[in-house]
Amino acid sequence: MSNDESPGTSAEHHGRVSLQNGFVLHRRPYRESSLLLDVFTLNFGRLRLLAKGARKNKKGLHALLQPFVHLRLSWVGVGELPVLTAAESMGSAINLNGPKLFCGFYMNELLLNFLPSRDPHPEVFHLYGNTLIQLAADDNIERILRLFEVSLLCEMGYGMVFDREVTSGQPINPEKRYVYRIEQGPVENGEGGSDTVGGATLLGLGQRTLNDPDQLLEAKYLMRRVIQYHLNGKPLKSRDFFKQLTKSRPS
């Protein structure tokens with residue numbers, strides 16, 4: 001994404017921050033008329049803001065402070081809950097409908113779980129914004145999500161090995177099957193089995209060329225296992241909700 005900023009562009013003076021590139025990841029009501037916002041910003045990372053009176057202003061601030069809208073945010077305060085002072089849109093909302101909308105919420109939940117509070121990650125910020133744009137434009141949502149997951153884990157220090165077998169150091173063979181040990185990497189497994197992954201899938205993930213439906217399904221189960229491991233088994237609400245929704249739809 002464009003519109004890069006240096007910390008000097010968004011001046012922080014006596015706890016006041018102005019015109020910071022950001023997205024709302026999650027919001028919830030607070031007291032009678034306000035909102036609590038979990039936001040992801042370019043220069044200040046993930047933080048929580050209090051939007052006073054935002055719920056009273058249904059057509060203005062309340063409508064603007066939605067996920068998937070690229071915003072300029074201003075706030076004041078140096079404590080745990082700074083107060084939002086202004087928000088303006090940097091363009092129309094990124095249009096996500098149906099399954100794509102739930103994919104967007106899934107990405108938001110991953111960021112809420114993996115990003116440390118107030119720790120800038122500009123590479124992740126641009127990854128997120130660009131992935132939202134891809135998600136709106138491309139129907140291959142499984143491929144988009146897998147590549148987002150791999151890139152996010154790499155940026156957060158959990159990079160995965162896709163190009164070599166870790167015990168021998170030999171290059172991954174696309175014709176062979178491997179057991180993926182999360183703390184190490186792929187280990188060759190000639191017997192196959194439900195917990196193995198094909199070498200072609202590993203190479204596709206590593207080279208960002210994954211397209212084959214069978215490989216995408218393998219990659220989905222692999223990445224689910226890896227993410228659950230790094231979240232210490234914490235369930236993801238967006239994933240569970242999407243499962244329930246798809247099960248309840250009439251066939």
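Which residues lie nearest the centre of the largest pocket? I started my notebook with that one, keeping in mind that the model is predicted.

**Entry: the pocket.** I found Leu 25, His 26, Glu 109, Leu 112 and Lys 237 nearest the centre, among 20 residues that line the largest pocket. I read off its space as about 510 Å³.

**Entry: who builds the lining.** I then asked which elements each supply at least two lining residues. They are strand E2, strand E4 (45–51), helix H2 (99–114) and helix H7 (237–248). Helix H2 gives the most, with 6 residues.

**Entry: strand E2 and its neighbours.** E2 covers residues 16–30 and runs antiparallel to strand E3 (residues 34–41), with 8 bridges joining the two. I noted Arg 28 bridging to Leu 36 in E3. The E2–E3 hairpin has 3 residues between its strands, and there Arg 31 takes a positive phi near 55°. E2 also pairs with strand E5 (residues 71–76), again in the antiparallel sense, over 5 bridges. Here I found Asn 21 opposite Arg 72 of E5.

**Entry: the whole chain.** Zooming out, I counted 7 helices and 9 strands. How much of the chain counts as buried? I got 45% of the 251 residues. The accessible surface comes to about 13000 Å², with 49% of it belonging to carbon and sulfur atoms. Last, I checked contacts with a separation of 6 or more: 56% of them join residues 24 or more positions apart.

Terms used
Residues are numbered from 1 along each chain as its sequence is written. This is a predicted model: local features need pLDDT of at least 70, side-chain atom pairs count only at pLDDT 80 or more; totals for chains, interfaces and linings use all residues. Side-chain values use heavy atoms; hydrogens and water are left out. Two strands pair if DSSP finds at least two bridges between them. Helices (H or I, at least four residues) and strands (E, at least two) are DSSP runs, numbered from the N terminus. Buried means under 20% relative accessible area, exposed over 50%, partly exposed in between (1.4 Å probe, protein chains only). Contact means heavy atoms within 4.5 Å. Accessible areas come from the Shrake-Rupley method with a 1.4 Å probe; for residues, only the protein chains shown count as cover. On a 1 Å grid over the protein atoms alone, a cavity is a set of points where a 1.4 Å probe fits but cannot get out, and a pocket is an open set with protein on both sides within 12 Å along at least five of seven lines; lining residues have an atom within 4 Å of a point. Grid points are joined across faces, edges and corners, and a volume is the space filled by probe spheres set on the points.
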